[in-house]
Every structure is written in structure tokens, then in C-alpha cells.
There are 2 protein chains.
Amino acid sequence: MIRRKIAAVMTPFRIIIAAYIVSIFIFSILIWLPVSQNEGIRLTYMEALFTSVSAVSVTGLTVFDVSQTLSLTGVIILALAMQVGGIGIMTLGTFIWLLLRRKINLSQRLLIMVDQNQYNFSGMVKLMRGILLLALSIETIGALILGTHYLQYFDSVWEAYYQGAFGALSAFTNSGFDVTGQSFIPFVDDYFVQIVVITLIFAGAIGFPVLMEIKEYVQSIKRKKSYRFSLFTKVTVTTYFLLFGIGAFGIWLFEHDLFYAELTWHEQLFYSLFNSATARSAGLATMDISVYALPTLLFLSFLMIIGASPSSVGGGIRTTTFAVMFLTIKSFALGKSDVKVFGREIHPEDKQRTFVVLSFFMFVLFVAILMISFFEGNNPYVDLIDIIFVTSSAFGTCGLTIVPTSSFSTSSQITLMVLMFIGRVGIVVFLFSVKRKETKSYYKYPTERIIIG
Amino acid sequence: MIRRKIAAVMTPFRIIIAAYIVSIFIFSILIWLPVSQNEGIRLTYMEALFTSVSAVSVTGLTVFDVSQTLSLTGVIILALAMQVGGIGIMTLGTFIWLLLRRKINLSQRLLIMVDQNQYNFSGMVKLMRGILLLALSIETIGALILGTHYLQYFDSVWEAYYQGAFGALSAFTNSGFDVTGQSFIPFVDDYFVQIVVITLIFAGAIGFPVLMEIKEYVQSIKRKKSYRFSLFTKVTVTTYFLLFGIGAFGIWLFEHDLFYAELTWHEQLFYSLFNSATARSAGLATMDISVYALPTLLFLSFLMIIGASPSSVGGGIRTTTFAVMFLTIKSFALGKSDVKVFGREIHPEDKQRTFVVLSFFMFVLFVAILMISFFEGNNPYVDLIDIIFVTSSAFGTCGLTIVPTSSFSTSSQITLMVLMFIGRVGIVVFLFSVKRKETKSYYKYPTERIIIG
Ligand SMILES: [K+]
Ligand SMILES: [K+]
């Protein structure tokens with residue numbers, strides 16, 4: 001009886017939200033333990049909680065310097081939180097079930113489908129196992145490449161591979177934390193490191209379904225079979241890389257007369273490429289981006305808001321949302337009622353989701369900017385652009401900053417935590433958690449036209 | 001042959017845009033004429049053009065002090081431009097046809113329907129004549145009330161009624177221009193003037209269809225018949241006044257510890273009420289609003305973006321767009337696919353329009369803010385909030401300012417002109433002007449689901 005009541009209240013969407021909340025609290029307590037901190041340092045629970053939310057949501061905003069504050073135990077806990085948040089609580093959960101050789105029943109399948117925001121049902125369990133193996137493989141390869149390359153920079157082999165492993169994990173999960181004390185700024189002249197990092201960021205942000213399809217595509221070539229990529233993969237890959245190019249060009253355009261004026265062409269190129277890649281969710285840095293001018297910072301905020309692919313470690317409104325928005329405006333202007341792309345039609349429900357995600361995201365973002373500007377009314381260290389930037393960074397789970405997050409008041413930090421949480425859970429799952437269960441309208445009202453715009 | 005080609009290219013939407021462009025150029029030249037300006041003053045064509053765009057789009061942004069610069073002839077031309085822009089080029093055109101006792105054919109009916117963004121076909125001509133009579137009556141009554149009340153303030157009867165007439169016109173057309181030299185600041189302690197002005201603003205901004213329905217409702221009471229208000233009227237009136245209340249409360253909330261701290265309760269009340277009303281499209285002022293704090297200015301920008309009713313003299317995304325956005329998010333969160341309000345269902349096409357208007361508006365607004373922040377890179381007198389505020393003010397055709405518009409560079413002023421123009425024409429008409437004529441898709445693609453958000 002009670003079990004049935006719980007089953008009715010705990011929809012898959014609510015279970016996901018509960019799982020995120022539970023992991024955030026567990027990791028906050030682990031980070032708060034003295035053993036996680038260096039000697040002589042004592043974090044408040046608020047600082048530990050903020051770090052846990054930031055890690056589980058793979059955002060990377062910090063209220064302290066990780067390399068100075070956390071002990072090795074603390075860093076490992078942080079890395080675990082990033083892994084759990086990045087690759088997905090539900091994916092990990094499934095893997096544990098698989099390890100225990102228990103059969104996955106329908107309700108759990110549904111859960112994974114919801115968390116990864118996928119629609120195709122078949123092969124879901126296989127897909128989840130595939131995702132985890134793929135993620136761990138990519139992270140290991142990244143760690144080995146970076147670690148080996150780092151041998152020239154660090155005194156001990158241990159330190160080189162430690163830095164390499166954390167860097168690879170941070171880049172692939174797009175979490176943006178660092179244990180160098182200054183992100184990738186030490187490697188500003190090392191383009192090899194930057195190319196490896198950008199590749200890892202892409203791998204994490206392009207979305208797991210895309211990685212799986214690429215794997216299947218490679219297999220189909222070996223077997224000399226034809227392979228059709230899904231509409232999702234086509235739309236998200238095109239949008240992701242188109243915006244990566246536009247992003248790099250835009251940054252260069254706004255800065256070529258200013259910060260870039262004295263730099264060589266390859267410095268300009270790599271700053272633009274790295275920042276365009278990192279703004280879309282990773283939040284890693286090769287420079288102090290607060291030197292950028294106002295338009296560049298606004299443009300970076302825009303890139304942070306768009307974000308990465310759905311079903312990836314990245315956040316934001318997501319590439320498909322942005323793409324469907326553009327395609328809808330285009331087809332509307334051309335007087336067409338259906339939205340077409342790559343020889344396929346967008347499903348009406350997906351158009352509605354696009355609308356809901358976009359408007360809800362922008363509305364919440366605005367309310368957050370308004371609230372933080374109210375909380376920071378007397379703070380002389382925080383300007384409007386700082387507020388817009390950190391809010392976009394938190395909600396887009398990016399983690400780039402132009403002023404230290406510790407400059408903000410506790411009220412603002414709580415607001416940022418809420419944004420990171422909703423940003424990671426995703427708008428669709430967040431809104432779907434409102435309803436108790438699938439409800440259908442059994443009665444219809446007459447339709448009446450009104451005037452819009 | 002050529003006529004048929006022109007007919008094919010000149011869709012109703014393009015004719016409306018052409019009519020606005022033609023009136024803007026005519027009024028810009030009239031304002032530019034020496035006779036329109038006071039002795040010793042010589043406006044550049046850019047200044048005259050900006051004023052014409054601002055007047056025809058009933059925005060009210062100015063690059064000079066109207067009372068000091070324009071002669072009586074100039075003021076009359078400006079008032080005419082406001083009247084033409086406010087009550088609608090097409091409405092006025094229809095009226096001329098009516099005066100000439102020429103029959104209105106179907107194509108012209110279509111035109112009016114499009115300009116007023118109305119769907120019901122019947123009684124359109126009657127409606128247009130009604131609108132014009134109603135508008136002129138309201139303006140005349142307003143002018144008489146304000147003018148008579150002003151007799152205590154001004155030396156001559158002529159000056160009192162001149163100020164009263166211009167004030168009433170400016171308030172009803174929500175255009176926001178003034179010939180006092182400082183808007184309604186001289187009447188900051190005269191709550192009677194402010195109540196009259198707020199009522200006139202409401203009358204202009206609530207939308208002509210609502211006014212007509214109220215008229216019909218009053219008639220039906222006399223005849224003791226029952227009357228049903230349209231869904232449009234219910235949605236727009238509710239949203240308009242709900243936001244008016246929220247606006248006044250929000251302004252008070254952000255300011256009660258700051259600018260309001262030393263003021264009496266009735267000063268606080270009237271500043272909040274007046275600014276909530278004026279931000280939604282009118283752009284008139286009883287105070288220098290630049291003394292407001294950052295959150296209040298952001299909140300006012302939000303109110304300017306929402307704006308007034310469709311088919312009114314006001315701009316913005318419009319009340320119905322905002323309402324349908326909220327209702328769609330709500331029904332999505334509750335797991336319902338249809339959007340219901342007041343016992344009626346919102347038409348799917350109206351939902352799509354809401355989405356297009358909202359996303360296009362926000363995207364253009366963002367691009368404009370980005371461009372102006374780039375143009376003003378070296379301008380020490382302009383901050384980010386000034387840019388956000390003036391951009392929202394121009395696109396929402398509101399006209400409130402916190403820094404003089406003349407502080408902005410020519411490039412920025414051109415950007416503002418484009419915003420005012422699109423803002424007045426309206427997103428739907430603007431986008432519909434892209435297509436040559438009604439096109440239908442004769443072939444259908446298969447639908448494929450993708451992942452959103
Ligand atoms: K991140
Ligand atoms: K106005």
C-alpha cells in the first residue's frame with residue numbers, strides 16, 4: 001500500500017532529481033570532512049555544498065582554490081563527483097546493476113531513457129554499458145597522452161600523471177575544475193596540450209548518442225555496410241561545430257584591435273579556438289578572460305547559454321534547441337507550417353519542447369540576474385557584466401569566471417547553486433518532475449484564435 | 001503584365017512595410033525643413049530621420065530637446081507623425097477611402113486585417129472607422145481635461161491647451177514625446193494629471209479591439225442583451241493589468257530602501273504606478289529614472305520588453321505572447337499537450353507565433369546589445385545597463401531613457417532606428433514580409449524525433 005503510494009509519487013523524473021540531490025549531499029559531506037582538506041584549512045559547510053553542487057553539475061565554479069585547499073583525498077572525492085555528475089547518475093546506476101548481474105526491468109530502462117533524454121527504447125542497456133566503457137576509455141587515453149607529455153613540465157612522474165589524469169577528466173566531463181591552481185594557463189604556449197584538451201571537450205560535449213553512432217559507423221565501414229546517421233546526430237554535430245567556428249571568429253572580431261593587437265597570429269588563433277570551445281560548457285581557461293572587452297564577454301555569455309549537445313556532459317539550452325528555434329523562424333518567415341531539415345520533418349512535440357526549454361531558460365536566467373543584481377546592490381567589486389557572465393556560466397554549467405565566485409554574497413551563491421542544479425538536471429526533466437504521472441486531458445475546449453505579437 | 005508582377009511582389013505585408021518607410025521619409029524631410037525648426041537651429045538629416053523614425057514608431061527617443069528645437073510647425077508635424085504611426089497607417093488610409101466614399105475591395109480589407117493583426121473578417125471597415133472616431137474622441141476629451149486643468153499652471157490659455165493637447169496625444173498614442181522640455185516632471189506633485197495620463201496610456205495600450213468590445217458591451221447592457229468578450233480581450237486585459245500591478249510592486253520592492261527611503265507613501269505609490277504604466281510602452285516620465293538602482297532598471301527593461309496589447313499603439317513582445325508563453329510552460333509541466341485558458345484552447349498556430357515572436361525578439365535584442373556595446377567600446381559615458389536599457393526601450397517602442405540618446409554614436413543610433421522600426425511594424429508582419437506569397441508545401445518529409453533540451 002505504502003509502496004504503491006511511493007511508486008505513484010516517485011515518477012522517473014522525480015527519481016532522477018532525487019538521485020542528484022542525494023549525491024550532492026553525500027559529496028558535500030565528504031568534501032566537508034577534515035580529511036578532504038589540507039592542514040590548517042577548515043571549509044564551511046556552505047563552501048563544501050557549493051563545491052559539491054558545482055562538481056555534480058560539472059560546472060566548475062569554485063569559491064576557493066582547489067589545489068591549495070583540498071587534500072589528495074579531497075581531490076579524489078571531487079573527481080568522483082565530477083565523474084558521477086558528468087557521465088550520469090543513471091548510467092552509473094545501470095552499470096552497478098549490470099555488475100551485479102541483475103536483470104534491468106522496464107521501469108529502470110525508462111529512467112535511463114529519461115535521464116539521457118533519449119527516445120529509442122531498444123538496446124538501451126547495451127547503450128548505457130557502451131557509454132560507460134567509451135567514457136572511461138577516452139578518459140584513460142586522454143590521461144596517458146597528457147600525463148606522458150607533462151613529464152617535461154613536472155618534477156615527478158607521479159605529479160605529471162596526476163595532473164594529466166585530472167586534466168583529462170576535467171576536459172572530457174566538461175567540468176572545468178583544475179588542480180594546477182590556474183586552469184590551463186601554464187600551457188598557454190603548448191598547442192599540443194590545447195589540441196588534446198579541445199578534442200576531449202568535443203568528445204564530452206558532442207553527446208553520447210553521437211559517439212555511439214560514430215562507433216557503429218566505423219564498424220559498418222569495416223563490414224562494408226551502409227550506415228545512416230540519425231537526424232539528431234546530424235543536427236547536433238552541424239550546430240555544435242558551426243557555433244564553434246562562429247564563436248572563434250566572433251571572439252577574434254571583437255578582440256583583434258584590442259587584446260589581440262600585440263599578439264602573433266597563432267596566439268590569436270588558439271585563444272579564439274580554445275575560448276570558443278571552452279565557453280560551450282567546459283569552463284577551462286588558457287588566459288585570464290576578464291581582459292576581454294565588454295562585447296566579447298557578452299558574446300561568451302551567449303555561447304555559454306547555447307551550450308552543448310543534449311545527452312552530453314554539457315549544459316545550456318543545447319544545440320538542438322537553438323537549431324530548431326532558427327529553423328522554426330525560417331520556415332515561419334517563408335510561410336510554411338512544417339519545419340524541415342536534412343530531408344526530415346521536426347516532430348511537433350519537439351517544436352513545443354524547444355519553445356518551452358528556450359522560454360523557461362531565458363525567463364529563469366533573467367530572474368536570476370535580477371535577484372543577484374539586487375543581492376549585490378552594495379558590492380563595489382561586482383558589475384552588471386560580472387553578474388550576467390556568472391549567471392550564464394552557472395545556468396549553462398560552464399564555469400568560466402571573470403570575477404572570483406567568492407566575491408558574491410551567500411544569497412547570490414545559493415541562487416547560482418539552484419541554477420547549476422536545474423542546468424544539469426535539464427529543463428525538460430525539471431519541468432516533467434512537476435507532474436505526478438502521465439495525465440491526459442479527457443475533455444476538450446473549443447479552440448479560439450487570439451492576436452499574437 | 002507589369003501590374004500583375006507588382007501585385008505578386010507587393011504582398012499586403014510588404015505594402016504595410018512600404019507605407020511605414022514612405023511615411024518615415026516624408027516626415028523626416030518635413031522635420032528637416034528650416035521652417036520646422038526654431039531660429040538659429042539647423043538639424044542634420046540624421047537627427048531629423050531619427051526623430052521621424054521615433055515619431056512614426058511612437059517610441060519617443062530623441063536626440064534633441066523637442067521644446068527647444070522644433071518650431072510650432074515642427075511640433076505639429078511631429079504630432080501628425082505620432083498620430084499616423086500610433087493609430088496605424090492602414091487605419092488612416094481606410095478612413096481616407098471612406099471619406100472619398102469609394103468602396104473598399106477585398107484586397108484592402110485584407111491589408112487592414114493584417115496591419116491590425118486581426119482574424120475576424122466581418123465588420124472590418126466599420127471597425128476601422130470606429131477606431132479612428134474613438135481615438136480622436138479620447139484624444140479630444142484628454143486634451144480638454146488636461147488643458148483646462150493646466151490653466152492654473154500656464155500664463156496663457158493658448159499655452160495651457162497647447163500643452164494639454166500635446167500631452168493627451170503623447171499619452172494616448174503612447175509616443176512619449178513632450179513639449180514641456182522635461183516630460184511630466186513639472187506635474188510630479190499633481191496626482192490628478194498623473195491619473196489622467198495613466199488612463200490615457202491604458203486606453204492606447206490596451207488595444208483597439210478591447211476598446212471596441214467595451215463599447216459593444218456597454219451598448220448590450222443598454223439593450224439588456226448578454227455579451228461575451230473575446231478570448232483575446234480576456235487574455236490581454238488580464239495580462240496587461242496583472243503586469244501593471246506586478247510592475248508597480250516590483251519597482252517599490254527594489255526601491256523602498258533606496259530612492260524611496262525618504263519619500264512619503266503617496267510619492268512612493270505614484271512613482272511606482274506611473275513608472276509601471278509608462279514602461280509598458282508610453283515612455284513618459286515624472287522623474288529622472290536614472291536615479292533608480294540597477295535591479296529596478298533591469299526590471300523596467302523587462303517591462304519595456306513585454307510591452308502592451310497587440311493591435312494597440314504599444315510595442316514589445318506583447319501581452320498575449322507573454323501569456324501564451326507562461327500557459328505553454330505550465331501545461332507542459334503538467335504533462336498536457338494542449339494549452340487552455342478561460343475555457344478555450346489556444347490555437348496551435350498561435351502557439352507557433354508566440355514561439356517565433358519571442359525567440360526572434362530576444363535574438364534580435366541580444367544582437368543589438370552586442371553591436372551597440374561594440375560601437376560604444378570607447379564611450380566612457382555609456383555603461384552596459386545604459387545599452388540594455390536603451391535597446392529594450394527602442395525595440396519595445398517605449399522611449400524611456402537613463403542617458404541622453406545623443407550620447408550614442410551614429411552607428412548605435414542607426415541600430416536603434418532599425419529596432420524602433422521592426423518594433424512598430426511588429427515581428428509577425430516583419431517576418432511575413434519575407435515571403436512572396438502564400439506558399440504551401442506540396443510534399444511531406446517523414447517526421448523524425450530528436451532530443452531537445
Ligand atoms: K563546466
Ligand atoms: K513610446
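Reader: Why is A:Asp338 called buried?

Author: This is a predicted model, and the areas are computed from it. A:Asp338 has a relative accessible area of 9%. Buried means under 20%, so A:Asp338 is classed as buried.

Reader: What makes A:Lys340 partly exposed?

Author: A:Lys340 has a relative accessible area of 21%.

Reader: Why is the pair A:Asp338 and A:Lys340 called a salt bridge?

Author: Their side chains meet with N to O at 3.7 Å. The rule asks for a side-chain nitrogen of Lys or Arg within 4 Å of a carboxyl oxygen of Asp or Glu, so the pair passes. In general, side chains of opposite charge can pair when their charged atoms come close.

Reader: How do you know that B:Asp338 forms a salt bridge with B:Lys340?

Author: The closest N and O atoms of B:Asp338 and B:Lys340 are 3.6 Å apart. With the cut-off at 4 Å, this pair therefore counts. B:Asp338 is buried, at a relative accessible area of 8%. Over all chains, the count by this rule is 2 salt bridges.

Reader: Which atoms coordinate the potassium ion (ligand 2)?

Author: They are the O atoms of B:Val58, B:Thr59, B:Asn174, B:Ser281, B:Ala282, B:Thr397 and B:Cys398, at 2.5 to 3.0 Å. This range also falls within 3.2 Å, so they qualify as donors. Their spacing in sequence is V-T-x114-N-x106-S-A-x114-T-C. B:Ser281 lies in helix H13 (residues 265-282) of chain B and B:Cys398 in the loop between helix H17 (384-395) and helix H18 (410-425), so the pair ties together parts 117 residues apart in sequence. B:Ser281 and B:Cys398 are buried.

Reader: What makes chain A and chain B an interface?

Author: Chain A and chain B bury about 8000 Å² between them, with 70% of it on carbon and sulfur atoms. The contact takes 81 residues from chain A and 81 residues from chain B. Between the chains the count is 0 salt bridges, and the rule finds 0 residue pairs in polar contact, both at pLDDT 80 or more. On the side of chain A that touches chain B, the largest share, 18 residues, comes from H16(A).

Reader: How much of chain A is buried, and what else describes the chain?

Author: Buried residues make up 60% of the 453 residues in chain A. There are 19 helices and 3 strands in the chain. Of its contacts with a separation of 6 or more, 72% come from residues 24 or more positions apart.

Definitions and conventions
Residues are numbered from 1 along each chain as its sequence is written. Chains are lettered from A and ligands numbered from 1 in the order in which they are written. Side-chain values use heavy atoms; hydrogens and water are left out. Helices (H or I, at least four residues) and strands (E, at least two) are DSSP runs, numbered from the N terminus. Buried means under 20% relative accessible area, exposed over 50%, partly exposed in between (1.4 Å probe, protein chains only). Contact means heavy atoms within 4.5 Å. Buried area is the accessible area (1.4 Å probe) that two parts lose on being put together, summed over both. A polar contact is a pair of N or O atoms within 3.5 Å; within protein, one must be able to donate a hydrogen and the other to accept it, and residues adjacent in sequence count only if both atoms are side-chain atoms. Donors are N, O and S atoms within 2.8 Å of the metal (3.2 Å for Na, K and Ca); water is not among the atoms, so sites may look incomplete.
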